[in-house]
Amino acid sequence: MYELTISEEFEAAHRLPDYDGKCCRLHGHNWRVEVAVRGKQLDASGLLIDFKILKAHVAEVLSTLDHHYLNELAAFADQPPTAEHIARYVYEMLAEKPAFQTNVKVYAVKVWESPRSCAAYMPEAG
Ligand SMILES: [Zn+2]
């Protein structure tokens, strides 16, 4: 099994309405998103997936979040935009792409809302 991880960033504001503390007020983060993919087969060049291609897929998903007020997005209409829910959103948007339906699968998405705080999402069955 091979695993590749890339890291990208986006900036966005959010608030956590049900949180008892200052995060219930509007504020922003420079979010860092790590995406790990796994697969067993390398291509003829010895790559699982070209980092450039992986980064482009991740950037496409993150463009739906970048410079948005996350609470206003349809994806977070029924759930607050916590790091946990953002990680799951990014995971699901990536996992449904044809590029990740065969040999290369999205393994985990980690969302860092600060340099010291990170939430990860991965499917239960692994
Ligand atoms: Zn926050």
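Hi everyone. Let me start with a term: two residues are in contact if their C-beta atoms, placed from the backbone, lie within 7 Å. Helices (H or I, at least four residues) and strands (E, at least two) are DSSP runs, numbered from the N terminus. Axes are lines fitted to C-alpha atoms, for helices over the stretch in contact, and angles run from 0 to 180 degrees between N-to-C directions.

What you see above is a predicted model, where local features need pLDDT of at least 70, side-chain atom pairs count only at pLDDT 80 or more, and totals for chains, interfaces and linings use all residues. Residues are numbered from 1 along each chain as its sequence is written.

Now the sheet. Four strands form an open sheet in the order S1-S2-S3-S4, with antiparallel pairing; two strands pair if DSSP finds at least two bridges between them. Strand S1 (2-14) and strand S4 (117-121) are at the edges with a single partner strand each, so one side of each has no neighbour in the sheet. From one strand to the next, the twist averages 20°. S1 and strand S2 (residues 27-39) run antiparallel and are joined by 13 bridges.

On to the helices. Helix H1 (residues 51-62) lies across S1 and S2, at about 25° to S1. Helix H2 (residues 83-95) lies across S2, strand S3 (105-114) and S4, at about 150° to S3.

How do H1 and H2 cross? Their axes come within 10 Å, crossing at roughly 125°. That makes H1 oblique to H2, because angles under 35 degrees count as roughly parallel, over 145 as roughly antiparallel, 65 to 115 as roughly perpendicular and the rest as oblique. Where they meet, H1 brings His57, Val58 and Val61, and H2 brings Val90, Met93 and Leu94. By class, that contact has five nonpolar, one polar and no charged residues (Ala, Val, Leu, Ile, Met, Phe, Trp, Tyr, Cys and Pro count as nonpolar, Asp, Glu, Lys and Arg as charged, and the others, Gly among them, as polar).

Is alanine 83 buried or exposed? Alanine 83 counts as buried, because it has 21 C-beta neighbours inside 10 Å (20 or more is buried, 12 or fewer exposed, and in between partly exposed, with C-beta atoms placed from the backbone). Leaving out residues up to four places away in sequence, alanine 83 touches Val111, Glu113 and Ala119.
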